[in-house]
Amino acid sequence: MVLHGPNLNLLGVREPQVYGGVTLETIDHELRKLADELQVELAFFQSNYEGALIDRIHQAHGAEQGILLNPAAYTHTSVALRDALAAVAQPVVEVHLTNIYAREPFRHQSLTAPVAAGLICGFGADSYLWGLRALVKLIKTEGKEGKS
Ligand code: DQA
């Protein structure tokens, strides 16, 4: 499952000097192409609501094999999202378009990364593509053991 957090629906319009001109539709399209190559199926979900993201993570439990997630601003604030990720069995790969460690200090902490198998950030839309490759490899080789 590919999960996009708040304001990512505005990519392309939103702060292009920070996030570039790529739209969420383009990112999802690129992910679909890569998924075909890797022979996996993807389900996509974007929400601006913390509770809706949490509900979708709960639904993924037992239904989808892994979670590729850009928690966006909730990365830095949401204990509830972190707990939802910790509660489900699937491996999680966290991605960000920007290098959160090179930005404002309040973005330097990710509450969600410690319950993810790993974090990829700073490569624009390619963060998602590297993230999907990492997640699929993890599912195929280690499954849940990838989650530490
Ligand atoms: C982001 C980084 C977050 O700090 C920010 O709140 C976002 C996008 C990224 O992909 O670079 O909304 O997750």
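Helices (H or I, at least four residues) and strands (E, at least two) are taken here as DSSP runs, numbered from the N terminus. The model is a predicted one, in which local features need pLDDT of at least 70 and side-chain atom pairs count only at pLDDT 80 or more, while totals for chains, interfaces and linings use all residues. Residues are numbered from 1 along each chain as its sequence is written, and side-chain values use heavy atoms, with hydrogens and water left out.

By that assignment the chain has five helices and five strands, which follow one another along the sequence in the pattern β-α-α-β-α-β-α-β-β-α. The radius of gyration, taken over C-alpha atoms (the globule rule being 2.2 Å times the number of residues to the power 0.38), is 14 Å, close to the 15 Å given by that rule for 148 residues, so the chain is as compact as a globular protein of that length.

Of the 148 residues, 47% count as buried, meaning under 20% relative accessible area with a 1.4 Å probe and protein chains only. A nonpolar core is a set of buried Ala, Val, Leu, Ile, Met, Phe, Trp, Tyr and Cys residues joined through side-chain atoms within 4.5 Å. The largest such core has 21 residues, and among those with the most contacts inside it are Leu8, Leu11, Leu97 and Tyr128. Helix H2 (24–38), strand E4 (92–96) and helix H5 (126–141) each supply at least two of its residues, the largest share, six residues, coming from H2. Apart from this core lies another, of 16 residues, which includes Ile54, Leu81, Val92 and Val115.

Terms used:
Buried < 20%, exposed > 50% of the residue type's maximum accessible area, 1.4 Å probe, protein only.
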